[in-house]
2 protein chains.
Amino acid sequence: MKSPQRRMTKQRKKILEVLKSTRSHPTADWVYDEVKKEIPNISLGTIYRNLNVLREMGEIIELNYGSSYSRYDANSDDHYHFTCLECGQVMDVDLDMDRELDGEVADCIGGEVSYRRTEFFGYCAECSK
Amino acid sequence: MKSPQRRMTKQRKKILEVLKSTRSHPTADWVYDEVKKEIPNISLGTIYRNLNVLREMGEIIELNYGSSYSRYDANSDDHYHFTCLECGQVMDVDLDMDRELDGEVADCIGGEVSYRRTEFFGYCAECSK
DNA sequence: ATAGATGCAAAGGTTTTGCATAACT
DNA sequence: AGTTATGCAAAACCTTTGCATCTAT
């Protein structure tokens, strides 16, 4: 199966344009409102379809990537996670966190850092064989 | 307003027990199925309520923490994000990523790392005044 | 005794999809 | 022309919530 050839419709173009013109990491809904100012009859479905297409094309990143539902972990120490893109498994990574980074980030934004979450994505031992 | 006193019901106890006995970072649904084996008439609502309570108590971590909807970013280079716990704003952090870590994680799990996502949580300049 | 928790079912909010029509290339 | 995208509306999906009842403290 080959991937479809992509067309640059005015909707898709505008959606990308809106995303490129902001640093606010908007939600689909915000993009919808924004694009509607120029293409009033665009539908939310088109927004979502295009966000997915643009992500597949590597033009944009989706934060909260991957799953639509939450996962829970009874190990509440800060630690890294690894998610396999093939089998979906989520596992702990036994490495110490670089705590210095928290301070650097706090300085950088001029605020306070309470905690952080780092997730690695790739292929697990089993799936990368 | 004071926070309510928590009771350790058999439902809450069992849910925590199930979470502590696995390293699979389960979803609410999986926990539901698991707990149902011993408390057949437990409801999904109770699972969700308790997962939230246990998180507030600091007993467990919720991955994909924070928002129910996705945010999109047209800057597809890997970079850090910071989310303000007060105002909900998400911003980019202008710091270089420590790329060495990817290799360390790959070695640690015996697989491959494609990319990673790091999100810092805390209070932004405005909100931490 | 009483605040807090449960079960059930209905509602909520976000994202996806089926289908007929329209528009790129 | 033929494939890909759109608009609309309905459905799907995960999570939350209202309410009457029950229970831990």
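Helix axes are lines fitted to C-alpha atoms over the stretch in contact, and angles run from 0 to 180 degrees between N-to-C directions. Helices (H or I, at least four residues) and strands (E, at least two) are DSSP runs, numbered from the N terminus. The model is predicted: local features need pLDDT of at least 70, side-chain atom pairs count only at pLDDT 80 or more, and totals for chains, interfaces and linings use all residues. Residues are numbered from 1 along each chain as its sequence is written, chains are lettered from A in the order in which they are written, and side-chain values use heavy atoms, without hydrogens and water.

**Exercise 1.** Describe how helix 1 and helix 3 of chain A pack.

*Solution.* Step 1: helix 1 (residues 10-20) and helix 3 (residues 44-56) of chain A have axes 10 Å apart, at an angle of about 70°. Step 2: these two helices of chain A are therefore roughly perpendicular (65 to 115 degrees). Step 3: in contact (heavy atoms within 4.5 Å), helix 1 of chain A contributes residues including A:Ile15, A:Leu16 and A:Leu19, and helix 3 of chain A residues including A:Ile47, A:Leu51 and A:Leu54. Step 4: by class, this contact has 7 nonpolar, 3 polar and 1 charged residues.

**Exercise 2.** Characterise the contact between chain B and chain A.

*Solution.* Step 1: each chain, B and A, gives 60 residues to the contact. Step 2: the two chains bury about 6000 Å² between them, 57% of it on carbon and sulfur atoms (accessible area, 1.4 Å probe, lost on being put together and summed over both). Step 3: there are 2 salt bridges between chain B and chain A; B:Arg23 and A:Asp92 meet in a salt bridge at 3.1 Å, N to O.

Conventions:
Parallel < 35°, antiparallel > 145°, perpendicular 65-115°, else oblique. Nonpolar A, V, L, I, M, F, W, Y, C, P; charged D, E, K, R; others polar. Salt bridge = Lys/Arg side-chain N within 4 Å of Asp/Glu carboxyl O.
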